Amino acid sequence: MTKNQATHIVEALERLYPDAICSLDSREPWQLLIAVRLSAQCTDARVNIVTKTLFEKFPTLSSLADAPIEEIEEIVKPCGLYKVKAQNIKETCRKLCDDFGQTVPDNMESLLTLPGVGRKTANLILGDVYGLPAVVCDTHCIRISNRLGMISVTDPYKAELALREILPPERSNDFCHRLVLFGREYCTARSPKCSKCPLAPLCPSDSASH
(Lines give C-alpha, C1' and ligand atoms only; values in the text may rest on other atoms or scores of the structure.)
Protein backbone atom coordinates (compact mmCIF):
# COMPACT_ATOMS: atom_id res chain seq x y z
CA MET A 1 0.00 0.00 0.00
CA THR A 2 1.23 3.51 -0.80
CA LYS A 3 1.57 6.28 1.79
CA ASN A 4 -1.21 8.16 0.00
CA GLN A 5 -3.62 5.23 0.27
CA ALA A 6 -2.73 4.76 3.93
CA THR A 7 -3.41 8.44 4.59
CA HIS A 8 -6.92 8.05 3.14
CA ILE A 9 -7.60 5.27 5.67
CA VAL A 10 -6.14 7.36 8.49
CA GLU A 11 -8.39 10.28 7.54
CA ALA A 12 -11.48 8.07 7.30
CA LEU A 13 -10.84 6.74 10.81
CA GLU A 14 -10.27 10.27 12.10
CA ARG A 15 -13.69 11.29 10.80
CA LEU A 16 -15.26 8.17 12.30
CA TYR A 17 -13.57 8.47 15.70
CA PRO A 18 -12.42 12.05 16.27
CA ASP A 19 -11.53 11.35 19.90
CA ALA A 20 -8.72 8.81 19.81
CA ILE A 21 -8.01 7.92 23.40
CA CYS A 22 -6.59 4.89 25.12
CA SER A 23 -9.33 2.79 26.69
CA LEU A 24 -7.22 2.06 29.76
CA ASP A 25 -7.76 4.39 32.73
CA SER A 26 -4.75 6.06 34.33
CA ARG A 27 -3.72 9.36 35.89
CA GLU A 28 0.06 8.87 35.89
CA PRO A 29 2.45 7.41 33.30
CA TRP A 30 3.46 4.57 35.66
CA GLN A 31 -0.21 3.68 36.12
CA LEU A 32 -0.66 3.39 32.36
CA LEU A 33 2.40 1.14 32.24
CA ILE A 34 0.86 -1.16 34.86
CA ALA A 35 -2.54 -1.16 33.15
CA VAL A 36 -1.03 -2.18 29.82
CA ARG A 37 0.83 -5.05 31.50
CA LEU A 38 -2.42 -6.28 33.03
CA SER A 39 -4.26 -6.05 29.70
CA ALA A 40 -2.42 -9.03 28.19
CA GLN A 41 -5.09 -11.67 27.46
CA CYS A 42 -7.63 -9.59 29.38
CA THR A 43 -10.28 -7.04 28.42
CA ASP A 44 -9.63 -3.34 29.01
CA ALA A 45 -12.92 -3.10 30.89
CA ARG A 46 -11.80 -5.68 33.44
CA VAL A 47 -8.36 -4.08 33.73
CA ASN A 48 -9.97 -0.72 34.57
CA ILE A 49 -11.93 -2.35 37.41
CA VAL A 50 -8.81 -4.02 38.79
CA THR A 51 -6.53 -0.99 38.52
CA LYS A 52 -9.07 1.18 40.34
CA THR A 53 -8.69 -1.10 43.35
CA LEU A 54 -4.93 -1.49 42.91
CA PHE A 55 -4.19 2.23 42.67
CA GLU A 56 -6.51 3.09 45.56
CA LYS A 57 -4.63 0.67 47.80
CA PHE A 58 -1.19 1.60 46.46
CA PRO A 59 -1.48 5.21 45.26
CA THR A 60 2.23 5.85 44.68
CA LEU A 61 4.93 4.15 42.69
CA SER A 62 7.01 3.47 45.79
CA SER A 63 4.07 2.04 47.72
CA LEU A 64 3.41 -0.46 44.92
CA ALA A 65 7.12 -1.28 44.71
CA ASP A 66 7.13 -2.06 48.43
CA ALA A 67 3.78 -3.90 48.48
CA PRO A 68 3.69 -7.56 49.53
CA ILE A 69 3.58 -9.67 46.39
CA GLU A 70 0.66 -11.67 47.80
CA GLU A 71 -1.48 -8.55 48.06
CA ILE A 72 -0.72 -7.56 44.46
CA GLU A 73 -1.52 -11.09 43.29
CA GLU A 74 -4.87 -11.10 45.06
CA ILE A 75 -5.94 -7.81 43.47
CA VAL A 76 -4.80 -8.60 39.92
CA LYS A 77 -6.04 -12.20 39.94
CA PRO A 78 -9.16 -11.42 37.83
CA CYS A 79 -6.86 -10.36 34.96
CA GLY A 80 -5.40 -13.85 34.57
CA LEU A 81 -1.73 -14.91 34.60
CA TYR A 82 -1.76 -13.10 37.91
CA LYS A 83 1.44 -14.50 39.42
CA VAL A 84 3.61 -13.44 36.49
CA LYS A 85 1.83 -10.10 36.14
CA ALA A 86 2.09 -9.32 39.85
CA GLN A 87 5.82 -10.13 39.84
CA ASN A 88 6.39 -7.96 36.74
CA ILE A 89 4.45 -5.08 38.30
CA LYS A 90 6.40 -5.16 41.55
CA GLU A 91 9.77 -5.50 39.79
CA THR A 92 8.92 -2.75 37.30
CA CYS A 93 7.93 -0.35 40.06
CA ARG A 94 11.12 -1.15 41.97
CA LYS A 95 13.25 -0.61 38.87
CA LEU A 96 11.54 2.71 38.12
CA CYS A 97 12.29 3.83 41.67
CA ASP A 98 15.87 2.57 41.78
CA ASP A 99 17.10 3.18 38.23
CA PHE A 100 14.92 5.89 36.69
CA GLY A 101 14.17 8.35 39.49
CA GLN A 102 10.50 7.31 39.60
CA THR A 103 10.05 8.48 36.01
CA VAL A 104 8.81 6.28 33.19
CA PRO A 105 11.52 6.33 30.48
CA ASP A 106 10.91 8.22 27.25
CA ASN A 107 12.83 5.90 24.92
CA MET A 108 12.36 2.40 23.55
CA GLU A 109 15.70 1.04 24.75
CA SER A 110 15.10 1.92 28.41
CA LEU A 111 11.45 0.85 28.39
CA LEU A 112 12.40 -2.59 27.12
CA THR A 113 14.59 -3.13 30.21
CA LEU A 114 11.47 -3.11 32.41
CA PRO A 115 10.11 -6.57 33.36
CA GLY A 116 7.26 -7.69 31.13
CA VAL A 117 7.51 -4.67 28.81
CA GLY A 118 7.67 -5.44 25.09
CA ARG A 119 7.52 -3.22 22.04
CA LYS A 120 3.72 -2.98 22.09
CA THR A 121 3.69 -1.57 25.62
CA ALA A 122 6.72 0.62 24.97
CA ASN A 123 5.14 2.12 21.85
CA LEU A 124 1.94 2.91 23.72
CA ILE A 125 3.88 4.74 26.43
CA LEU A 126 5.98 6.66 23.88
CA GLY A 127 2.87 7.71 21.97
CA ASP A 128 0.38 8.38 24.76
CA VAL A 129 2.71 9.80 27.39
CA TYR A 130 5.39 11.51 25.34
CA GLY A 131 3.59 12.24 22.06
CA LEU A 132 6.24 10.50 19.99
CA PRO A 133 5.57 8.62 16.73
CA ALA A 134 4.50 5.13 17.75
CA VAL A 135 2.79 2.07 16.29
CA VAL A 136 1.06 -0.13 18.86
CA CYS A 137 0.83 -3.50 17.13
CA ASP A 138 -1.76 -5.37 19.15
CA THR A 139 -4.05 -8.07 17.74
CA HIS A 140 -6.62 -5.49 16.56
CA CYS A 141 -3.99 -3.50 14.71
CA ILE A 142 -2.40 -6.48 12.97
CA ARG A 143 -5.68 -8.15 12.00
CA ILE A 144 -7.37 -5.04 10.66
CA SER A 145 -4.29 -3.62 8.92
CA ASN A 146 -4.03 -6.88 7.01
CA ARG A 147 -7.73 -6.84 6.13
CA LEU A 148 -7.42 -3.29 4.87
CA GLY A 149 -4.48 -4.29 2.70
CA MET A 150 -2.10 -1.96 4.52
CA ILE A 151 0.31 -4.78 5.38
CA SER A 152 0.66 -8.50 4.64
CA VAL A 153 2.50 -9.76 7.72
CA THR A 154 1.33 -11.08 11.09
CA ASP A 155 4.56 -10.92 13.10
CA PRO A 156 4.16 -7.94 15.49
CA TYR A 157 7.62 -6.49 14.90
CA LYS A 158 7.42 -6.84 11.12
CA ALA A 159 3.91 -5.35 11.20
CA GLU A 160 5.16 -2.39 13.22
CA LEU A 161 7.97 -1.71 10.76
CA ALA A 162 5.66 -2.08 7.75
CA LEU A 163 3.12 0.36 9.19
CA ARG A 164 5.84 2.87 10.08
CA GLU A 165 6.76 2.91 6.37
CA ILE A 166 3.32 4.11 5.27
CA LEU A 167 1.67 5.92 8.20
CA PRO A 168 2.13 9.66 8.84
CA PRO A 169 4.42 9.52 11.94
CA GLU A 170 2.55 12.21 13.89
CA ARG A 171 -0.78 10.39 13.39
CA SER A 172 0.36 6.79 13.82
CA ASN A 173 -0.33 6.43 17.56
CA ASP A 174 -3.89 7.75 17.33
CA PHE A 175 -4.43 5.57 14.25
CA CYS A 176 -3.79 2.50 16.42
CA HIS A 177 -6.28 3.66 19.08
CA ARG A 178 -8.87 4.25 16.37
CA LEU A 179 -8.32 0.77 14.95
CA VAL A 180 -9.30 -0.69 18.33
CA LEU A 181 -12.60 1.21 18.25
CA PHE A 182 -13.15 0.31 14.60
CA GLY A 183 -12.42 -3.35 15.34
CA ARG A 184 -15.02 -3.44 18.09
CA GLU A 185 -17.74 -1.66 16.13
CA TYR A 186 -17.30 -2.90 12.55
CA CYS A 187 -14.26 -5.03 11.78
CA THR A 188 -14.77 -7.76 14.37
CA ALA A 189 -12.67 -10.89 14.22
CA ARG A 190 -15.37 -13.43 13.43
CA SER A 191 -18.20 -11.59 11.73
CA PRO A 192 -17.17 -8.18 10.35
CA LYS A 193 -20.04 -5.87 9.44
CA CYS A 194 -18.79 -5.23 5.90
CA SER A 195 -22.18 -4.15 4.53
CA LYS A 196 -22.37 -1.31 7.08
CA CYS A 197 -18.68 -0.46 7.20
CA PRO A 198 -17.79 3.18 6.39
CA LEU A 199 -14.32 2.04 5.26
CA ALA A 200 -15.70 -0.48 2.73
CA PRO A 201 -14.81 1.67 -0.32
CA LEU A 202 -11.17 1.61 0.81
CA CYS A 203 -11.07 -2.06 1.75
CA PRO A 204 -9.83 -4.81 -0.60
CA SER A 205 -11.28 -7.48 1.69
CA ASP A 206 -14.74 -6.03 1.16
CA SER A 207 -14.42 -5.77 -2.63
CA ALA A 208 -13.13 -9.32 -2.78
CA SER A 209 -16.28 -10.56 -1.09
CA HIS A 210 -18.57 -9.18 -3.74
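In the predicted model, Leu-81 is placed in the loop between H5 and H6. The phi angle of Leu-81 is near 45 degrees, a positive value in a residue other than glycine. Most residues other than glycine have a negative phi. With a relative accessible area of 48%, Leu-81 is partly exposed, because a residue counts as buried under 20% and as exposed over 50%.

Helix H5 covers residues 69-76 and helix H6 covers residues 82-99; their axes are 9 Å apart, at an angle of about 125 degrees. This angle makes H5 oblique to H6, and the crossing of the two helices is right-handed. On the H5 side, the contact is formed by Ile-69, Ile-72, Glu-73 and Val-76. On the H6 side, Tyr-82, Lys-83, Ala-86, Gln-87, Ile-89 and Lys-90 take part. By class, the residues of this contact are six nonpolar, one polar and three charged.

A positive phi is also found in Gln-102, where the angle is about 60 degrees although the residue is not a glycine. Gln-102 lies in the loop between H6 and helix H7 (108-111). The relative accessibility of Gln-102 is 45%, so this residue counts as partly exposed.

Helix H2 (residues 29-38) packs with helix H8 (residues 119-128): their axes come within 10 Å and cross at roughly 150 degrees. Since angles over 145 degrees count as roughly antiparallel, H2 and H8 are therefore roughly antiparallel to each other. H2 passes H8 in a right-handed crossing. From H2, the residues making the contact are Pro-29, Leu-32, Leu-33 and Val-36. From H8, they are Thr-121, Leu-124, Ile-125 and Asp-128. Six of the residues in the contact of H2 with H8 are nonpolar, one is polar and one is charged.

Two residues of this helix pair can be described individually. Thr-121, in helix H8, counts as buried at 7% relative accessibility. When residues up to four places away in sequence are not counted, Thr-121 touches Leu-33 and Val-36. Both of these partners belong to the residues of H2 that make the contact with H8.

Arg-37 is located in helix H2. With a relative accessibility of 17%, Arg-37 counts as buried. Arg-37 and Thr-121 are 84 residues apart in sequence, while their C-alpha atoms are 7.4 Å apart in space. Beyond its neighbours within four places in sequence, Arg-37 is in contact with Val-84, Lys-85, Asn-88 and Gly-116. With one of these residues, Asn-88, there is a polar contact between side chains, at 2.9 Å.

The crossing in which H1 passes H11 is left-handed. In H1, the residues that meet the other helix are Ile-9, Val-10, Leu-13, Glu-14 and Leu-16. Their counterparts in H11 are Phe-175, Arg-178, Leu-179 and Phe-182. The residues of this contact divide into seven nonpolar and two charged, with no polar residue.

The loop between helix H11 (172-185) and helix H12 (204-208) contains Thr-188. Thr-188 has a relative accessible area of 19% and is buried, because the limit for this class is under 20%. A polar atom of the Thr-188 side chain lies 2.9 Å from the backbone oxygen of Ser-191. Not counting residues up to four places away in sequence, Thr-188 touches Arg-143, Arg-147, Gly-183 and Lys-193. Among these, Gly-183 falls within the range of H11, residues 172-185.

Technical notes
Residues numbered from 1 in each chain as written. Predicted model: local features only at pLDDT ≥ 70, side-chain atom pairs only at ≥ 80, totals over all residues. Heavy atoms only, no water. Helix = DSSP H or I, 4+ residues; strand = E, 2+ residues; numbered from the N terminus. Buried < 20%, exposed > 50% of the residue type's maximum accessible area, 1.4 Å probe, protein only. Polar contact = N/O pair within 3.5 Å; in protein donor to acceptor, adjacent residues only side chain to side chain. Contact = heavy atoms within 4.5 Å. Left-handed = near helix turned anticlockwise from the far one by under 90°. Nonpolar A, V, L, I, M, F, W, Y, C, P; charged D, E, K, R; others polar. Axes fitted to C-alpha atoms, helices over the stretch in contact; angles between N-to-C directions. Parallel < 35°, antiparallel > 145°, perpendicular 65-115°, else oblique.
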